[in-house]
Amino acid sequence: MAQPLIELRDLKKVYPVPGGEVVALGGVSLKIEKGEIYGIIGMSGAGKSTLIRCINRLDTPTDGQILIDGENILALRGKELIRMRRRVSMIFQQFNLLMQKTVARNVRYPLEIAGVPKAQANQRVMELLKIVGLEDKADAYPAQLSGGQKQRVAIARALASDPEVLLCDEATSALDPMTTQSILALLKDINERLGITVVVITHEMAVIRQICTRVAILDGGHIAEEGSVDEVFVHTRSAAGKRLFGILPENEDEDRPPVPALRIVFDGGMENQPVIADLVKQCDVEVNILSANIRRLNDKPYGQMLIEMPRDDAARRKIVEFLNAKGLTVKEVWPQ
Amino acid sequence: MNWNQIWEALAETLQMTLPSTLISYIIGLPLGVLLVITRRGGIRPMPTFNAVAGAIVNFLRSIPFIILLAMLFPVTRVVMGRAIGTVSVIFPLTVSAFPYVARMVEGSFNEVDNGIIEAAQSMGSSTFQIVRKVLIPEAMPSLINGFAICMTTILGYTAMASAAGGGGLGALAITRGLNLRQYDVMYAASIVLVILVQIITMLGSYFTRKFDHRIR
Ligand SMILES: Nc1ncnc2c1ncn2[C@@H]1O[C@H](COP(=O)(O)OP(=O)(O)OP(=O)(O)O)[C@@H](O)[C@H]1O
Ligand SMILES: [Mg+2]
């Protein structure tokens, strides 16, 4: 395989805090190929922002290496660092536009600081605004735009320096679902048309599923699992992944049922069949479903269901055995 | 009452206020920038320099103007040619005001959203570019508001100039009103001062709003 565009080697980031330290990244290694849309997903506090901020040196890792095109960017200083940052653009959840400058001036900013002649820069600004569909807003100020429009301006601005990589830190998290769709479509379009490698950070699996080719699950500063999106979604191996996709509860203790119950985990290891109906028939029990969170992927059910269990020990054993025989993972849960 | 003396005094007041404000900003604005960018977590952290500069600013700010005026007499004599008089007072006024300006400017820059500065950094801006093209333009409305406040503060200080033989409306009010019991002159001078402050404040708010594009 060719040299990856971005490679992280055993990246660590430790923040000193009063009375100790926070390990935000505990040794992260991953490779991002040129031209792909790479997703990094994780719960809040997993270290996603820290990771992406290290990639363009907004944050400095405590240890490890970051290679872009084989070059260790942690050694870069001054002008070299500036040059690297122009190759690696970034957009943010809060857009971070210059509020006192018009849309056109915002998009022109990266060109201004790179010393591009004014006429040439203005022409490029209009091209960029066209790509993001905001030609008519050139003279508006950010305060006059909607969230989605602001993110489009931020994208145009990020593209101004002709970057090879676009880093997106929760770029759609402040937007409504419809606007999220349009921004994701734009990112995909940019990736395909301009060949820009995109790194997407999110806590929403829908974002990953929609545009990413590969995904890494970040959990507590470590990569829990990594692979193609299909593979990771269909054959989720890590507990962190299962929690993230709703197959396991986020927190066992918060999820205690009021009565003895059974948690049934559908993790794709079973063909589509009416399990509950069979259970009712074959074990002769009345099934009371307490909660369910199941979705289909490739026609297989994923997720979990909580059903009420009878008080009788023998009946309970029978139910567990029946479901195990069906290839389902189950766990008995008791009220607190 | 002779109105001419009021107008003369007004001219003297402006003669002290405007240069002092201007010079205070020439020193205080860069100093404020330095205080912001060199602090821990700033875009050019230099903690030792920041601590020293901060201490000097705080020291100068804590000396009451009237005392600073007296303390500076020998220095003023060297710098301005003579220790007393309307023009000479510009020196102590500036020394007293520039630390105030620096803190004011620092406060304005602190209001700029850190995310915007990070975005500018992520695009490959140099420190100077961030200051010139991000910090100052983004803080502009607040800087203008601060400018008006600093100017009215300096205007207030000029009233104490009479202690160093300076003229102006404050000196007129004190010498005529207090010492000679010409109360009409005192009130007239005070009213002109009040009007002056009002005008500066109004212009300040007007331009603050005019330059703020965060408002729809
Ligand atoms: N400047 C800092 N100082 C101290 N601790 C920090 C700092 N920045 C982040 N952390 C800690 O590092 C860990 C990872 O933070 P990070 O912001 O990378 O998480 P995240 O995955 O982006 O979360 P979210 O989805 O909430 O944005 C958290 O425990 C956080 O408290
Ligand atoms: Mg984050």
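Q: In this predicted model, which residue's side chain meets that of A:D69 in a salt bridge?
A: A salt bridge needs a Lys or Arg nitrogen within 4 Å of an Asp or Glu carboxyl oxygen. Here the N to O distance is 3.1 Å. The partner of A:D69 is A:R87.

Q: How many residues apart in sequence are the parts that A:D69 and A:R87 tie together?
A: A:D69 sits in the loop between β4 (63-68) and β5 (71-72) of chain A. A:R87 belongs to helix α2 (residues 78-87) of chain A. The pair therefore ties together parts whose separation in sequence is 18 residues.

Q: How many salt bridges does a search of the whole structure find?
A: Side chains of opposite charge can pair when their charged atoms come close. The search covers all chains. Its total is 21.

Q: Which residue of chain A meets B:K133 in a salt bridge?
A: Across the interface of chain B and chain A, the rule finds two salt bridges. One of them joins the side chain of B:K133 to chain A, at 2.6 Å from N to O. The residue on the chain A side is A:E112.

Q: Which strands are the edge strands of the open sheet in chain A?
A: Six strands form this sheet, with mixed pairing, in the order β6-β7-β8-β3-β9-β10. An edge strand pairs on one side only. The edge strands are β6 (88-91) and β10 (222-228).

Q: What is the bridge partner of A:V215 in β10(A)?
A: Strand β9 (residues 214-219) of chain A pairs with β10(A) over six bridges. The sense of this pairing is antiparallel. Across from A:V215, the bridge partner is A:G227.

Q: What angle does the direction of helix α5 of chain A make with that of β6(A)?
A: Helix α5 (residues 147-159) packs on the sheet. It touches β6 and β7 (165-169) of chain A. Its direction and that of β6(A) make an angle of about 170°.

Key: Residues are numbered from 1 along each chain as its sequence is written. Chains are lettered from A and ligands numbered from 1 in the order in which they are written. This is a predicted model: local features need pLDDT of at least 70, side-chain atom pairs count only at pLDDT 80 or more; totals for chains, interfaces and linings use all residues. Side-chain values use heavy atoms; hydrogens and water are left out. Two strands pair if DSSP finds at least two bridges between them. Helices (H or I, at least four residues) and strands (E, at least two) are DSSP runs, numbered from the N terminus. Contact means heavy atoms within 4.5 Å. Axes are lines fitted to C-alpha atoms, for helices over the stretch in contact, and angles run from 0 to 180 degrees between N-to-C directions.
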